[in-house]
Amino acid sequence: VLGLAATTAVADPVDDYVRSQLKARNLPGLSLAVVKDGQIVKIQGYGLANLELEAPATAQTVYEIGSISKQFAANAILLLVEDGKVALDDPLAKYIDGTPAAWSAVTIRHVLTHTAGFADFDTGNIGFSYRREYTAREFIELLARQPLQFVPGERWNYTNAFPLLGSVVERASGMPYTEFVRSRIFAPLGLRSARFKSASD
């Protein structure tokens, strides 16, 4: 008598959950890594990484991280604090020429902690466009079009003013911000796929 054992495919609950959330939230795709005890136990892409090209999301897909990049600007500043080249309570004007007089009380710490009083540059009608890149001088002029919303340090208000910290890094380190981050953060951490976006790319 020949006995055949029936084999049943076992569903992966992570796959089921992710696919259900992609559908429920109308998301095109994502890449996921599950880490347990310091080891990757699952790494996979789901859906599409690019709708126009119908490119699938994979474990190696590189995504634009947007505001998550603030952590790199903050880390760069803190490395310079450790190097003795920047103090958190230094005024921005110490490192950035031509800041408005209204910003005289704004410190590095205020920008890092979203307590500088800046209105966000993509609020209001100040001419901001996500379709172009701004020089440091243009970015300062853009931010200066709106008055401070409160006295620096008085309150908290999320803002995308972190490019100002890039200017501080450049002045204090003597290096372009992108090179400082590559050499002092990306390279030591082995972040081989991390890179900066530019419109020319």
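In which kind of crossing does H4 pass H5? The answer is a left-handed crossing, and the legends below set it beside other close-up views of this predicted model.

**Figure 1. Helix H4 packed against helix H5.** Two packed helices are described by the angle between their axes and the distance between the axes. For helix H4 (residues 136-144) and H5, the angle is about 140° and the axes are 10 Å apart. That angle makes H4 oblique to H5, since only angles over 145 degrees count as roughly antiparallel. On the H4 side, the residues that meet H5 are Ala136, Phe139, Ile140 and Leu143. Their counterparts in H5 are Pro163, Leu164 and Ser167. By class, the contact of H4 with H5 consists of six nonpolar residues and one polar residue, with no charged residues.

**Figure 2. Helix H2 packed against helix H5.** Helix H2 (residues 70-82) and helix H5 (residues 163-173) have axes that come within 9 Å and cross at roughly 30°. Because angles under 35 degrees count as roughly parallel, H2 and H5 are described as roughly parallel to each other. H2 passes H5 in a left-handed crossing. From H2, the contact involves Ala73, Ala76, Ile77 and Leu80. From H5, the contact involves Leu165, Val168, Val169, Ala172 and Ser173. Eight residues in the contact of H2 with H5 are nonpolar and one is polar, while none is charged.

**Figure 3. The salt bridge between aspartate 83 and arginine 184.** Side chains of opposite charge can pair when their charged atoms come close. In the salt bridge of aspartate 83 with arginine 184, the closest N and O atoms are 2.9 Å apart. Aspartate 83 counts as partly exposed because its relative accessibility is 38%. Arginine 184 also counts as partly exposed, at 32% relative accessibility.

**Figure 4. The salt bridge between arginine 171 and aspartate 97.** The closest N and O atoms of arginine 171 and aspartate 97 are 2.8 Å apart in this salt bridge. Aspartate 97, at 51% relative accessibility, counts as exposed, because the exposed class begins over 50%.

**Figure 5. The salt bridge between arginine 182 and glutamate 179.** Here the closest N and O atoms of arginine 182 and glutamate 179 are 3.9 Å apart. Arginine 182 and glutamate 179 both lie in helix H6 and are three residues apart, so about one helical turn separates them. Arginine 182 is partly exposed, with a relative accessible area of 37%. Glutamate 179 is likewise partly exposed, and its relative accessible area is 35%.

**Figure 6. The network of Asp12, Asp15 and Lys42.** Salt bridges that share partners join Asp12, Asp15 and Lys42 into one network. Across the whole structure, the search finds seven salt bridges.

Technical notes:
Residues are numbered from 1 along each chain as its sequence is written. This is a predicted model: local features need pLDDT of at least 70, side-chain atom pairs count only at pLDDT 80 or more; totals for chains, interfaces and linings use all residues. Side-chain values use heavy atoms; hydrogens and water are left out. Axes are lines fitted to C-alpha atoms, for helices over the stretch in contact, and angles run from 0 to 180 degrees between N-to-C directions. Helices (H or I, at least four residues) and strands (E, at least two) are DSSP runs, numbered from the N terminus. Angles under 35 degrees count as roughly parallel, over 145 as roughly antiparallel, 65 to 115 as roughly perpendicular and the rest as oblique. A crossing is left-handed if the near helix is turned anticlockwise from the far one by less than a right angle, and right-handed if clockwise. Contact means heavy atoms within 4.5 Å. Ala, Val, Leu, Ile, Met, Phe, Trp, Tyr, Cys and Pro count as nonpolar, Asp, Glu, Lys and Arg as charged, and the others, Gly among them, as polar. A salt bridge is a side-chain nitrogen of Lys or Arg within 4 Å of a carboxyl oxygen of Asp or Glu. Buried means under 20% relative accessible area, exposed over 50%, partly exposed in between (1.4 Å probe, protein chains only).
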